[in-house]
Amino acid sequence: MFASLRSRLFLTYLAVILATLTVAALALAIFLIGNPLFYRQWYAQQGIALQIMQRRLASRPPEQWQTALKRESDRLAEVLDARVLVLARDGKVHYDTAHGAHPLPLPPLEGILPQRGHVRDAEGHTWVYSARMMPGNVWVVVAHRLPSRLRLLLFTAREWLLPLTEAGLLAILMALVLAWWLSQWVVHPLRHTAEAARALAKGQYQPVPEKGPRETRVLARAFNDMARRVEASQRSQREFVANVSHELKTPLTSIQGFAQAIIDGTARSPEAARKAAEVITAEAARMHRLVVTLLDLARLDAGTADLQREPLDLAVLLQSVLTRFQPQAQQAQIHLALESEGDLTLRGDADRLAQVFTNLLDNALKHTPPGGEVRLQASRTASGIEVRVEDTGSGIPPEVLPHIFERFYRGDKARSGGENAGLGLAIAGEIVRAHGGDITAHSIPGKGSVFVVKLRP
Ligand code: ADP
């Protein structure tokens with residue numbers, strides 16, 4: 001019932017309001033009881049009564065003062081429902097309207113100015129009193145016995161309980177509005193994200209607007225990021241399947257055609273039959289290589305490829321790769337050179353690393369015209385080992401460059417169906433990353449390209 005954010009917020013506000021009001025009421029009560037102002041209504045009454053009494057006495061001749069004092073005292077006690085005492089200057093009680101009651105432990109009354117205060121009698125009752133000097137040099141004290149503190153508080157409660165209740169009701173109303181507004185602020189964006197998540201589960205990508213408090217905006221941003229990635233990965237998966245089927249279709253069609261020719265007798269002569277069989281073998285080998293490469297890529301992807309990491313000298317490894325390419329370079333009239341400096345030993349899988357540089361050199365030679373140059377430079381840097389494969393070939397157009405490490409991507413579409421099927425750089429990238437390294441490419445179209453492989457020793 002109270003599971004929603006809105007009701008929880010409202011309940012929290014309600015609790016805070018009630019706690020605050022209770023504390024305020026308690027503080028107010030303590031303040032009122034302890035504050036002398038609390039007795040002001042008695043002081044005011046007593047002060048006026050004493051003043052009137054003094055005037056009335058002063059208007060009489062002195063010989064009547066004593067009798068008048070007693071009479072006036074009785075009258076005052078009755079009218080005000082109070083206790084009236086007449087005291088001599090030394091504090092001796094001449095007259096007390098509460099005959100036989102406990103004496104009031106009044107402090108000494110000094111000077112001639114009216115005095116007031118409160119005292120506690122032997123029974124523990126509090127008395128609020130005012131005293132005034134009367135004609136004839138006597139003090140008249142009017143004292144009221146206070147009810148108990150609790151009763152006093154209840155008595156005065158009507159003064160502050162109503163405003164407090166009003167304030168509480170207003171605060172509750174405000175809390176309702178605030179809880180509604182706050183929850184809308186937070187719940188709306190959350191609802192959008194939930195809807196988008198449901199849509200994503202159905203395969204539809206709809207971005208979530210970045211609204212609401214910072215937390216929901218961060219959530220929306222993270223969700224959009226994730227959704228974009230999911231969408232991209234779904235797209236690349238679809239493309240991957242399409243690419244694999246496409247790459248397998250060509251050799252399969254070829255195999256099917258030549259096999260059919262053998263069956264239906266089109267390739268009747270032993271020579272033709274042999275040629276058909278050769279094509280079938282070559283295409284099957286191509287398919288085999290493609291499948292092996294794909295499996296390899298999948299293993300590298302999943303991190304299950306077995307890397308035989310052993311200490312090796314990269315200079316030696318590069319030299320052996322280079323030596324294998326020398327005949328091809330010479331034939332293509334390309335100058336192939338290796339420059340290496342510093343300690344180039346590292347822990348790595350020699351076969352896998354050779355595969356990387358074989359692919360890079362193969363690409364470089366393929367894209368460099370006769371008379372060009374392909375250079376391998378290996379050096380030690382602060383963070384590890386850097387190998388640059390530089391060519392003076394055709395270069396890579398800027399729109400192609402960001403995609404060359406993608407699977408099945410071939411800058412030159414005309415070469416589709418070639419040996420590597422656009423997987424060479426993808427594999428090279430995976431191998432380098434599996435070694436904890438990094439591979440990047442830079443190029444100026446028409447001038448050449450540089451592939452930089454960074455490895456950790
Ligand atoms: P493939 O060689 O089968 O095309 P790769 O993954 O090895 O696949 O290369 C991907 C693409 O990158 C190539 O099709 C080519 O367009 C581009 N490329 C790679 N190396 C070079 C280079 N040295 N010079 C120019 N283009 C290159």
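Which residue in strand 9 does S340 stand opposite? The views below take that up, along with the rest of this predicted model.

**View 1. The mixed sheet, with strands in the order 7-9-10-12-11.** Five strands make up this open sheet. Look for strand 7 (335-341) and strand 11 (438-444) at the edges, where each pairs on one side only. From one strand to the next, the twist averages 10°.

**View 2. Strand 7 alongside strand 9.** Here's the opening question settled: S340 sits opposite A378 of strand 9. Strand 7 and strand 9 (residues 373-380) run parallel, and seven bridges join them.

View 3. Helix 7 (residues 314-331) touches strand 7, strand 9, strand 10 (385-391) and strand 12 (448-455), and its direction makes about 175° with that of strand 7. Helix 8 (residues 350-366) also packs on the sheet, touching strand 7, strand 9, strand 10, strand 11 and strand 12. The direction of helix 8 makes about 25° with that of strand 10.

**View 4. The largest nonpolar core, 48 residues in all.** L314, F357, L360 and V387 have the most contacts inside this core. Elements giving two or more residues include helix 6 (270-302), helix 9 (424-434) and strand 11, but helix 8 gives the most, with eight residues.

**View 5. Zooming in on L314.** Skip the neighbours within four places in sequence, and L314 is still in contact with L344, L346, L353, F357, I385, V387 and L455. Two of these partners, F357 and V387, turn up again among the residues with the most contacts inside the largest core.

**View 6. The antiparallel sheet, with strands in the order 2-1-5-4-3.** This is another open sheet of five strands, with antiparallel pairing. Its edge strands are strand 2 (93-96) and strand 3 (115-120), each pairing on one side only. The twist here averages 25° from one strand to the next.

**View 7. Strands 4 and 5, with helix 2 lying across.** Strand 4 (residues 126-134) and strand 5 (residues 138-145) pair in the antiparallel sense over eight bridges. To get your bearings, find A131 and its bridge partner in strand 5, V141. Helix 2 (residues 40-58) lies across strand 3, strand 4 and strand 5, running at about 25° to strand 4.

**View 8. A second, separate core.** This one has 17 residues, among them A49, A68, A82 and V138.

Conventions. Residues are numbered from 1 along each chain as its sequence is written. This is a predicted model: local features need pLDDT of at least 70, side-chain atom pairs count only at pLDDT 80 or more; totals for chains, interfaces and linings use all residues. Side-chain values use heavy atoms; hydrogens and water are left out. Two strands pair if DSSP finds at least two bridges between them. Helices (H or I, at least four residues) and strands (E, at least two) are DSSP runs, numbered from the N terminus. Axes are lines fitted to C-alpha atoms, for helices over the stretch in contact, and angles run from 0 to 180 degrees between N-to-C directions. Contact means heavy atoms within 4.5 Å. A nonpolar core is a set of buried Ala, Val, Leu, Ile, Met, Phe, Trp, Tyr and Cys residues joined through side-chain atoms within 4.5 Å. Buried means under 20% relative accessible area, exposed over 50%, partly exposed in between (1.4 Å probe, protein chains only).
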